[in-house]
Amino acid sequence: MIAYQDKKELIPEGKYLFSVTQIQQFFNNPNEFFRKVIRKETIPFNSNQTALGTLIHYAISQMYDKKEVEQKEINDYLNSIDDIDRIWVISKYNEMKDDVLNNVKGISLDYPTEWEKSYTLQLSDNVYIGGTIDVRYDNLLLDFKTSSKLTLKKEDELPQKYIDQLYTYSYILHHNGVAIDKCGICYFTIPEVNRTSLITGKRMKDYPMQFFIKDFYLQADYLTTIQKRLFLIAESIEYVLKNQDTFYLFARDYDLKAK
């Protein structure tokens, strides 16, 4: 079944969990962060690109597991989420799948050490962080990303949020006894081909799918920065738990004061 694994099942009952991908929310959207983490609200977010990325991850995982891609699972997944263009998603998936799998096979002569593996780490008495890695080849950690940027190039700089996510995964793995020396983003660009301009009627430039890896070696000093960031988040959550009347301040929402 194609589904997000709720990592709350991996921590003790009554404790609080935030994910690697929620760290940006703590700084940029604290209202949603604290509502999700402390009040444990479900705030759905669906997009065409997210759904496509999920299917790409599924196909890669099935390949690693040496299993066939199940069309029923794909259909069930797409029918389970709202507010997406299912026709667009399945069309792009079918267009990309074979190229994606062929490129992933060529990443390494060695078989992956692990893939789609969830990890958690206790940061304080009540707070844990969790995340699911895409694939690890011994001490190399890779994350798969689909991109809609048609002109994306290998020489482009990695977004800082992707670097921070990989450093955070590496930090969690280190404290679970797994050493990581190098990380990378495996990009798959979403193809746009055989298009015609609605204005001129002329054929538009084709942008076939690109695949490339942007990797980097970890730096110890930046891992320390990541550690401080995680402790800041954990201690903020602990403070709110002990001082519940401050919840609205951390969530930056005066309407939550009375609640």
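**Note on a predicted single-chain model**

1. Lys36 is found in helix H2, which covers residues 30–37. The model is a predicted one. Is Lys36 buried or exposed? Lys36 is buried, because its relative accessible area is 19% and buried means under 20%. Leaving aside neighbours within four places in sequence, Lys36 is in contact with Gln22, Gln25, Glu41 and Ile43.

2. Not counting residues up to four places away in sequence, Ser124 touches Ala234 and Glu238.

3. Now the chain as a whole. How many helices and strands are there in the chain? There are eight helices and six strands. Read from the N terminus, the order of the elements is β-α-α-α-α-α-β-β-β-α-β-β-α-α.

4. On overall dimensions, the C-alpha trace spans about 60 × 45 × 35 Å along its principal axes. The radius of gyration of the chain is 20 Å; a compact globule of 259 residues would have one near 18 Å, so the value agrees with that expectation.

5. Buried residues account for 45% of the 259 residues. The chain exposes about 14700 Å², and carbon and sulfur atoms supply 48% of that area.

6. The contacts reach across the sequence. Among contacts between residues at least 6 apart in sequence, 72% join residues at least 24 apart.

7. The largest nonpolar core has 44 residues. Which of them touch the most other members? They are Phe18, Phe34, Ile129 and Ile237. Helix H6 (residues 160–174) gives the most to this core, with eight residues. Apart from this core lies another, of 30 residues, among them Tyr58, Leu78, Leu101 and Phe144.

8. Ile129 deserves a look in the viewer. Not counting residues up to four places away in sequence, the residues that Ile129 touches include Leu17, Phe18, Ser19, Val20 and Ile23. Also among them are Tyr119, Thr120, Leu121 and Leu123, as well as Thr168, Ile172 and Leu230.

9. Last, the charges. The chain has 33 positive and 37 negative charges.

Notes: Residues numbered from 1 in each chain as written. Predicted model: local features only at pLDDT ≥ 70, side-chain atom pairs only at ≥ 80, totals over all residues. Heavy atoms only, no water. Helix = DSSP H or I, 4+ residues; strand = E, 2+ residues; numbered from the N terminus. Rg over C-alpha atoms; globule rule 2.2 N^0.38 Å. Buried < 20%, exposed > 50% of the residue type's maximum accessible area, 1.4 Å probe, protein only. Contact = heavy atoms within 4.5 Å. Areas by Shrake-Rupley, 256 points an atom, 1.4 Å probe, with all protein chains shown as cover. Lys, Arg positive; Asp, Glu negative; His and termini not counted. Charge placed at Lys NZ, Arg CZ, Asp CG, Glu CD. Core = buried A, V, L, I, M, F, W, Y, C linked by side-chain atoms within 4.5 Å.
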